[in-house]
Amino acid sequence: MALICLVLSGAALLVNGLTLLGHVPGRDSGVFNVLIGGLQLVLCIAVAVSADGSLPALFAIAGTFLFGLTYLYVGLDALFALGSVGLGWFCGLVAALAVVFAVVHVSDDPVLAVLWAGWAVLWTLFFVLLALGRSAITTYTGWALVLASQVTTTVPAVLGLTGHWPTGPIATSTALVVLVAVFGGAALLSRRTAVRTALTTTTPGDGDTVTASPATAPAAA
């Protein structure tokens, strides 16, 4: 179940990243997030009921509960304009718990610990963007979501579903290098986006401004 929810998370993070980059309308993203978040919560509740109080089973789905609530909250906020400050503070809590999950899994599953570290960074970006109102990181957050959605969720989920979950020090080191490359690549892409946006909003030679194209103007989640 966890791997299936990981696939769903990859789709949700990708769509949310594209929304921040202005490529997906907010309402479309809202509906998608409600569907993904709602489905994840239903699956988690089903597992929780069948777990019969087993602490390891409940711990295994705790993170998925947090992700499902995030997507559902994002979707409802987009559809009903609830305000993103509360969502941002919730994401701050999720980021802190993600650090805890990362530490817990260092000994038994180092690759999963690296993934949790990556998710902690993503949810921290949500916190800074939404709770603290730092709109300057909107484009960077969008690119980070687009890249990390596939590297930290879709690819690991496919590997796990096909019986090839990575283990060992080489896999862990590779995961760390890839994670650094994801957030570094997001920084490079956000700079390129900023330059392209500046070129489309200013007419060269006379300093007159023109309207930015929808593809380059960041959109709120």
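User: Are Phe67 and Trp116 buried or exposed?

Analyst: Phe67 is buried, and so is Trp116. Buried means under 20% relative accessible area, exposed means over 50%, and partly exposed lies in between, with a 1.4 Å probe and protein chains only. This is a predicted model, where local features need pLDDT of at least 70, side-chain atom pairs count only at pLDDT 80 or more, and totals for chains, interfaces and linings use all residues. Residues are numbered from 1 along each chain as its sequence is written, and side-chain values use heavy atoms, with hydrogens and water left out.

User: Why is the aromatic pair of Phe67 and Trp116 called tilted?

Analyst: Rings of Phe, Tyr and Trp (its six-membered ring) pair if their centres lie within 6.5 Å; planes under 30 degrees apart count as stacked, over 60 as edge-to-face, and the rest as tilted. The centres of Phe67 and Trp116 are 5.5 Å apart and their planes make an angle of 35°, so the two rings pair and the pair is tilted. Phe67 lies in helix 3 (residues 55–80) and Trp116 in helix 5 (residues 110–131), so the pair ties together parts that are 49 residues apart in sequence.

User: How many aromatic pairs are there in the whole structure, and which residues form one aromatic cluster?

Analyst: The search finds ten aromatic pairs. One cluster is formed by Phe59, Phe67, Tyr71, Phe101, Trp116, Trp119, Trp123 and Phe126.

User: What relative accessibility do Cys5 and Cys44 have?

Analyst: Cys5 has a relative accessible area of 2%, so it counts as buried. Cys44, at 0%, is buried as well.

User: What makes the nonpolar surface patch?

Analyst: Phe59, Leu93, Leu97, Val100 and Val104 make a patch of about 390 Å². Helix 4 (residues 85–104) gives the most to the patch, with four residues. Val104 is found in helix 4 and, at 39% relative accessibility, counts as partly exposed.

User: Is His164 buried or exposed?

Analyst: At 54% relative accessibility, His164 is over the 50% mark, so it counts as exposed. His164 sits in the loop between helix 6 (138–161) and helix 7 (168–201).

User: How many helices and strands does the chain have, and how do you know how compact it is?

Analyst: The chain has seven helices and zero strands. Helices (H or I, at least four residues) and strands (E, at least two) are DSSP runs, numbered from the N terminus. The radius of gyration is taken over C-alpha atoms, and the globule rule is 2.2 Å times the number of residues to the power 0.38. The chain has a radius of gyration of 18 Å, close to the 17 Å that the rule gives for 221 residues, so it is as compact as a globular protein of that length. Of the 221 residues, 41% count as buried.

Methods. Patch = residues over 30% accessible without salt bridge, like charges linked within 9 Å, V, L, I, M, F, W, Y side chains within 5 Å. Areas by Shrake-Rupley, 256 points an atom, 1.4 Å probe, with all protein chains shown as cover. Salt bridge = Lys/Arg side-chain N within 4 Å of Asp/Glu carboxyl O.
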